[in-house]
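Try each one before you read its solution.

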Amino acid sequence: MSWAAPDDIFFSTSLAAYLDKKLLVLLRDGRKLMGLLRSFDQFANAVLEEAYERVIVGNLYCDIPLGLYIIRGENVVLIGELDVEKEELPAQMIQVPEAEIKRAQKAEKEEMLLKGTMRKRMEFLDLD
């Protein structure tokens with residue numbers, strides 16, 4: 001007597017359930033990629049078609065087209081299916097050109113560096 005698992009027992013935890021669906025992939029470096037999952041392997045390496053990177057700074061965003069994109073599995077933090085029938089972003093978000101979002105990213109990074117520098121200079125106060 002042999003026991004066979006139902007075909008769908010492994011399906012729920014496999015990327016196979018997401019094939020040909022629009023996904024959001026969050027990477028270790030914080031980037032957010034979106035696209036159609038076309039292929040994957042046992043290491044979670046994935047191929048996205050019609051991929052784009054969504055860059056968000058404050059209430060500004062830009063979708064930067066990437067085309068066919070291969071993602072190395074070790075860089076993936078999270079993968080989730082997107083509902084194509086729902087609005088993806090809140091109404092207050094404003095789409096801007098790539099050059100403008102890059103300027104906003106640079107300004108945000110400089111602000112964070114400045115905050116870190118100021119915090120370091122004030123450590124001697126021991127405000128905690």
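**Exercise 1.** Find where Leu-78 sits, and decide whether Leu-78 is buried, partly exposed or exposed.

Solution. Start with the strand: Leu-78 belongs to E5, residues 76–81 (strands are DSSP runs of E, at least two residues, and helices runs of H or I, at least four, numbered from the N terminus). Next, take its relative accessible area, 44%. Buried is under 20%, exposed over 50% and partly exposed in between, with a 1.4 Å probe and protein chains only. So Leu-78 is partly exposed.

A word on the model: it's predicted, so local features need pLDDT of at least 70 and side-chain atom pairs pLDDT 80 or more, while totals for chains, interfaces and linings use all residues. Numbering runs from 1 along each chain as its sequence is written, and side-chain values use heavy atoms, without hydrogens and water.

**Exercise 2.** Which residues does Leu-78 touch, leaving aside neighbours within four places in sequence?

Solution. Look for contacts, meaning heavy atoms within 4.5 Å. You'll get Leu-24, Val-25 and Leu-26. Now try Lys-32: 46 residues away along the chain, its C-alpha atom is 9.7 Å from that of Leu-78.
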